[in-house]
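Dear colleague,

I am passing on to you the structure we spoke about, with the sequence alongside. Please look it over first, and then read the notes below, which go through it part by part.

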Number of protein chains: 4
Amino acid sequence: MLAEIKGLNEECGVFGVWGHPDASQITYYGLHSLQHRGQEGTGMVVTDGKKLKGKKGEGLVNEVFSAEDINELNGKAAIGHVRYSTAGGGGYENVQPLLFHFQSGSMGLCHNGNLINATALRNQLEGQGSIFQTSSDTEVLAHLIRRGGYASFKDRVKYALSMLKGAYAFLVMTETELMVALDPNGMRPLSLGKIGDAYVVASETCAFDIVGAQFIRDVEPGELLIIDDNGVRSEMFAMASNIAMCTMEYIYFSRPDSNINGINVHTARKNLGKQLAFEFPIEADVVTGVPDSGTSVAIGYAEAAGIPYEMGLIKNRYVGRTFIKPSQSLREQGVKMKLSPVRGVVEGKRVVMVDDSIVRGTTSRRIVNMLKEAGATEVHVLISSPPIQHPCFYGIDTSTKEELIAANYSIEEIRQMIGADSLSFLSVEGTVKAIGRKEVGDTCGQCLACFTGKYPTEIYPSSIDNQVPTC
Amino acid sequence: MLAEIKGLNEECGVFGVWGHPDASQITYYGLHSLQHRGQEGTGMVVTDGKKLKGKKGEGLVNEVFSAEDINELNGKAAIGHVRYSTAGGGGYENVQPLLFHFQSGSMGLCHNGNLINATALRNQLEGQGSIFQTSSDTEVLAHLIRRGGYASFKDRVKYALSMLKGAYAFLVMTETELMVALDPNGMRPLSLGKIGDAYVVASETCAFDIVGAQFIRDVEPGELLIIDDNGVRSEMFAMASNIAMCTMEYIYFSRPDSNINGINVHTARKNLGKQLAFEFPIEADVVTGVPDSGTSVAIGYAEAAGIPYEMGLIKNRYVGRTFIKPSQSLREQGVKMKLSPVRGVVEGKRVVMVDDSIVRGTTSRRIVNMLKEAGATEVHVLISSPPIQHPCFYGIDTSTKEELIAANYSIEEIRQMIGADSLSFLSVEGTVKAIGRKEVGDTCGQCLACFTGKYPTEIYPSSIDNQVPTC
Amino acid sequence: MLAEIKGLNEECGVFGVWGHPDASQITYYGLHSLQHRGQEGTGMVVTDGKKLKGKKGEGLVNEVFSAEDINELNGKAAIGHVRYSTAGGGGYENVQPLLFHFQSGSMGLCHNGNLINATALRNQLEGQGSIFQTSSDTEVLAHLIRRGGYASFKDRVKYALSMLKGAYAFLVMTETELMVALDPNGMRPLSLGKIGDAYVVASETCAFDIVGAQFIRDVEPGELLIIDDNGVRSEMFAMASNIAMCTMEYIYFSRPDSNINGINVHTARKNLGKQLAFEFPIEADVVTGVPDSGTSVAIGYAEAAGIPYEMGLIKNRYVGRTFIKPSQSLREQGVKMKLSPVRGVVEGKRVVMVDDSIVRGTTSRRIVNMLKEAGATEVHVLISSPPIQHPCFYGIDTSTKEELIAANYSIEEIRQMIGADSLSFLSVEGTVKAIGRKEVGDTCGQCLACFTGKYPTEIYPSSIDNQVPTC
Amino acid sequence: MLAEIKGLNEECGVFGVWGHPDASQITYYGLHSLQHRGQEGTGMVVTDGKKLKGKKGEGLVNEVFSAEDINELNGKAAIGHVRYSTAGGGGYENVQPLLFHFQSGSMGLCHNGNLINATALRNQLEGQGSIFQTSSDTEVLAHLIRRGGYASFKDRVKYALSMLKGAYAFLVMTETELMVALDPNGMRPLSLGKIGDAYVVASETCAFDIVGAQFIRDVEPGELLIIDDNGVRSEMFAMASNIAMCTMEYIYFSRPDSNINGINVHTARKNLGKQLAFEFPIEADVVTGVPDSGTSVAIGYAEAAGIPYEMGLIKNRYVGRTFIKPSQSLREQGVKMKLSPVRGVVEGKRVVMVDDSIVRGTTSRRIVNMLKEAGATEVHVLISSPPIQHPCFYGIDTSTKEELIAANYSIEEIRQMIGADSLSFLSVEGTVKAIGRKEVGDTCGQCLACFTGKYPTEIYPSSIDNQVPTC
């Protein structure tokens, strides 16, 4: 499954609110609902209209922020971030939002996604004497804004955004306004909502539900929203082109209760399951999914195929960085860390096991093995995405082709390697159809690059070195 | 749902292992898999055959134990405990296992469940000059063992157990043996397993799966297992009588991947759902469950009724004691703490919502309201247990009859109070049948006291004051 | 110096207050002023007249208690303790006060000193079925009180105290009274004071000065004070006999600003220095003292001898358990941990160095060496106590005779071992005279046992095993 | 005393080492010995010759660094800093050393002192697009180095230093060298030492003694030392001029065991005391000093005047930020936080009390009052410095003239305000003479600006706003 690559089962998330007296509390709950997008660190910057202050740290939202912190972070507006991993430079400094104080005012920034020309821009800026405090791509935007020659702050931001290439959702906040931007290809989800008179933005709509906000609309590719005490204004900083929402957002990253561009993620996954049932009917006794992303798919498959859905695998909710990992010898004796099989459900049964993807194959082999040891007589593996055969430059750490099992082996070879009785991947067409976006074009507005190798943007030479996401 | 009573959504859990070189690690993972039974505190006592040492604290397993702790707790045997709540006396002292050092040796103890004659025994012992360090029932057993006049340690333990009334699973460990006991009515789950040459015991079989142990058998009511370097011996300290496993273990407390007396909990819940479909067919568009316990039931209902199962409610995985609760005003604005509705799934739909129980009704009203605000056109509430009309004296904090909505109002009145379009409770007979135990008698070996008022044991006057569980 | 024996440079301290609305804060500052008597752990028990609650932990007073703790420990009375060392059983459990809850009420206890019949009493009590939670002598008193057959609580306490042998100051508090007792030989300092209408008791009078209390009088040997809302009453639980205040309290343990039985400690030390000048006139350029206890002595010597006093040694104020100790190789390269020489003061000078005692001699050798490396041309060592040749059974961990250098070597041999140009110990008579107590008898009410071998109490066989102080 | 101004009783301290395999440990002990110069925060940057890494935090040296940290900070060279206060911008960011990573290498910096043109330089640099992460003056130097057009790193550093005005000691470290600089007026102490083949630098020589290093020489005003694997080279970045060592370093800031420009601080203080005895002979019974800085002075006075020195005041060693401050009501009831009088020493006596300075007078009034309440019949206050009548722009937070009591009242008025029986300040000439530096000129190389108003450097308009020290 996609989670087997470190740094891949998380994707960073952003949240912002303007105009609410409990801005820091709202952001706390919003970030908590986005915790699945990043568990390595989190932070928040607030403004009371006069100054900016912030708190950040390594760990989960509830570990980093105490009740006292949230009280002290009083203000009418806030931006926050959950960070996915230490890859690409860990540590306190790289936790976002970044907060900069100038003699003329302050600025907080955060983003998710990946800039493919970050290294080039940073080289250029350091050559001009800029000092970077972090290895975060976010800081590149800050320097671009400060260097930009334009008179107004908004124009400086638009200039700086126009220099960036890649997939990103950016929040920039000053004492008097909150700016919200999405990359011109619209590769990351980003939505606008309302709670009373206050505006909220978030990487996923599930954050709106948890804070009681109403969804207004998605942010458009290339759009810059300027939110202040007068409301929301929209400008474009670049032409939208070649819309390419990351398909893995539907398949793996997002929470089932989120809607991405109007499509509910749980529903999309159920439809992927139904499409799998259409493409690959299997004779079996039970259907089970690898939690959490495989669960909805399995339910859809079960419904369409008329085979009972059962909880054949349970996820152990280990918590964060402090959890002790079993020693190698214990793992060999069968100590499980993340998943346990449910013997009472799979024993003596022919099992269909649904997972979101196969990257290196080691996890799939472990799960198949686990089910067989628990008594499954057959294990049929269904994958709710096509084979991943090409690296991602937009935020998923699929590194080099060497590591991608599907780039190097046939499906039959992979089946043997993971020990399954059968193995099937959903077709590219089936994936696009099941998700069901309405955009014009072959991909219906999806990024399918990791399956097809057709990248929605130009690829820079330096991208090769910079493919580790640094949201 | 049952979780709405504080101290009720957790039930304490015990774990023990004898004869494994990594006893403390094994216990760490075992306790982690039982974390759903108690999140307030946890502890462990280990022995290397020569002395006992321990660590305990308030918080989750991964918060209390560091890698360094687990290393220092080296030994060949261990017992551990997860504690459910501060009710009945919180604080460090009451976290289990208790560890006592005597000049003649040491003793560690832990238990889950509730003694109904604890107050009487404690009064008696204090009158004789005993000093209690905790308000835990566990300590009563310790004093009884030390006071007992018998020559052998085993006879002292048997004497002490014979004095206890109520529901309990007890672990007692010295430098040279591990003793395991279950109350004569068998009201709590407790199983024996094997991992290599080592023996393990646990409140639930899910702990065996996570540590790679094989299930051997359940501990019998009234049985005392003595485990030492020579293996396991079994003796009876009391006649088993009136077998009465807590029904709520199937319906609510246990993990779906556990088996209780041979019956898988997920399967039992699916069957409760099918039985609900049989007793209460409803015309609806989607079926959803209140996680976690309601999920399996909903899947069973959906399968039997031919209505699609959907994730209409998402549980927010807030973490433990440090999580900040939303202020009253934010809650009124719609900030959710535990559950979010999935608008994309319920909007415009007639929803069947399945929950495990109704205690005070406030949570049910909140959930129904949440679903309607998210666009559900109808909300039909199905409860996978009969109405709770009588207090529990065996470990569930259902306090006085006054608090039990079903003891004071008709089903129709409750339906109006929670704002549902319909409300149905599973019948007592249906509950027993769906769970499907094979024991002889009306109740098939289930405790149904909270539904029927027929208690499986004598009830002591002091039980009235002692109904707060103190495992 | 005496500090070179672990567990010896600290002696535990007790503090109590009754009748003050800020009892916990008062106790916090009182304990802080007694911190030099114990740095391993500290605790406090308070009462609001209805119930007892407490907090304790390992570490310094300011580490264990947060502002929040002190607020929560609201009440009108409190007792507190600072604990000296892990010798004799460390860990959270052994930190005092101990707090016991009975169904009939609660009781907090703490003490400093050492019981010489603790092991015998504990054996007896365990044989009767008592369970000890700690290895602290304090708990022995608790069990004796609970076991005692007397009707009134006061009589039970008096009975229990009458069973104890050794040196001790005890505080026992219930919801309604504070009891204060000193051993019949008066071997430990314990004083009574007043702050407004509230009464305070403390191991040293310096605690009165820091909290703004007025000294009333010392507690008498064998006296039991009962303090409650009606004031103070005095009763005797034993005849005072053979008064024997620990001489090391003047020489080493107590703070210079404390008065013990009417004699100021700094003044006593200055007089010890003057007596040294009288007994051992030395031709030298500067006089310096080993801080902290040697400083006053050195000032007295300098004044009497007409040689300038200088700060030739500086104490590095390392803080508690978390301070990292230098590795052996660094120590050999000259990294200092506790004391630094002041080169600018000793270079090229003949130095008189005053210390409180020599136990094993290793520290003295190190200091002499340090001064010579810093350029001292001669180092004359003067000790403000007679040679320690006999073990202490009353609370000082001077273990066995084997470890006492003065029990095994002549003064000339010790001089050579420590590398001093001369070495002199104060005479026993000079020590008694300089301190200047007015009690009748040879020792003027001092315990001189470690110098003379004449013990003020009977010595039990078990004392040999129990000489590790367990206050 | 000087300590009564927050931010004034601490002055920051720097420590560096190059060429030692235990560089981080050495720095740990060195910083600990400088702890009196700053207790708000501390940090360390180390290099192993290939990369730089660091750790910093708020709190004391032993709170910020764990043994694990020191192990991880392995390397051959290190720089470290202790920070005095939150004035001028607190928080984690401002703790030093600052550590910057560039794609071409890394750089660590720290300094103590105060730049009087920092605001002007910062304005200029921000105008050019630089982003400052901290409000620390240290960062100004970093940007100047990066902006400088010179080819070699050393020339960039010299250029940057030449832009700075004020009092400072700077350490700059890269992977390959350690650069050490002192301002051209030599206003702060900074010394060079050797430990084996390794070089060390420190704000005070007491740090050399604690790590076993040998003093080589003081760093010269305007000098830049370049230390690398080839040894030490010296260059000048500016002409030394108008040497003006802060007089308060002798009187108040430094540890008594340090030597500043060859003069021992304890000795200088004793001489100040002797000079006071010469200028102000007083008929009294005892002499006492306000610890710590007043102690040596009092000893000198006592020696010269032939009046006994006694410990009339004791300092309570409260520890750092976590210590709970007494409430106002408790303070009024006499709870002491920092100083306690020693009743046994002052009762019934005519007392000479020696302190280092009077700033606002409130502390002096409190101490005089405390001594009188403890029974002193007369209290004569002697101050070991002239009246402070002018603000300091070089690092001492004496703010505006309005706050300086001696700038607004006559000595007789101050005497009445503090309730003393007499009050005398040392003369300017006496101060210079007692310290006894050999430099040519009226001030003998001392800065006397706060007494005389004659500033050793040009004063910039912006200094007025920037007089809060920001080391």
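**A hairpin in chain B**

In this structure, which is a predicted model, Leu224(B) stands opposite Glu235(B), a residue of strand β13(B). The two strands concerned are β12 (residues 223-228) and β13 (residues 231-236) of chain B, which run antiparallel and are joined by six bridges, and the hairpin that leads from β12(B) to β13(B) passes through two residues. Of the six residues of β13(B), the number buried is zero, so this strand lies largely in the open.

**An enclosed helix in chain D**

For a contrasting element you may turn to helix α10 of chain D, which takes in residues 293-305. Of the 13 residues of α10(D), 12 are buried, so the helix is largely enclosed by the rest of the structure; among the buried ones are Ser293(D), Val297(D), Ile299(D), Tyr301(D) and Glu303(D). The surroundings against which the buried residues of α10(D) pack are made up of both helices and strands of chain D, namely α8 (247-253), α9 (265-279), β17 (286-289), β20 (350-355) and β21 (378-383). From its first C-alpha to its last, α10(D) reaches 19 Å, which is close to the 18 Å expected at 1.5 Å a residue. After the helix comes Gly306(D), with a positive phi near 70°.

**The open sheet of chain C**

In chain C, seven strands form an open sheet with antiparallel pairing, and their order across it is β3-β2-β4-β1-β10-β9-β11. The edges are held by β3 (52-58) and β11 (214-218) of chain C, and each of these has a single partner strand, so one side of each is left without a neighbour in the sheet. On average, and with direction ignored, neighbouring strands of this sheet are turned by 15° against each other.

**How the chains stand to one another**

The same surface serves both copies, since 93% of the contact residues of chain C recur in chain B.

The contact itself takes 15 residues from chain C and 16 residues from chain B. On the side of chain C that touches chain B, at least two residues are supplied by each of β5 (98-102), α4 (118-127) and α5 (137-147), and the largest share, four residues, comes from α5(C). By kind, the residues of this side divide into four nonpolar, seven polar and four charged.

Other pairs of chains stay apart: no contact joins chain A and chain C, whose closest C-alpha atoms lie 12 Å apart, and chain B does not touch chain D, with 13 Å between their nearest C-alpha atoms.

With kind regards

Note on methods:
Residues are numbered from 1 along each chain as its sequence is written. Chains are lettered from A and ligands numbered from 1 in the order in which they are written. This is a predicted model: local features need pLDDT of at least 70, side-chain atom pairs count only at pLDDT 80 or more; totals for chains, interfaces and linings use all residues. Two strands pair if DSSP finds at least two bridges between them. Axes are lines fitted to C-alpha atoms, for helices over the stretch in contact, and angles run from 0 to 180 degrees between N-to-C directions. Two residues are in contact if their C-beta atoms, placed from the backbone, lie within 7 Å. Ala, Val, Leu, Ile, Met, Phe, Trp, Tyr, Cys and Pro count as nonpolar, Asp, Glu, Lys and Arg as charged, and the others, Gly among them, as polar. The expected span of a helix is 1.5 Å times one less than its number of residues. A residue is buried if 20 or more other C-beta atoms lie within 10 Å of its own, exposed if 12 or fewer, and partly exposed in between; C-beta atoms are placed from the backbone.
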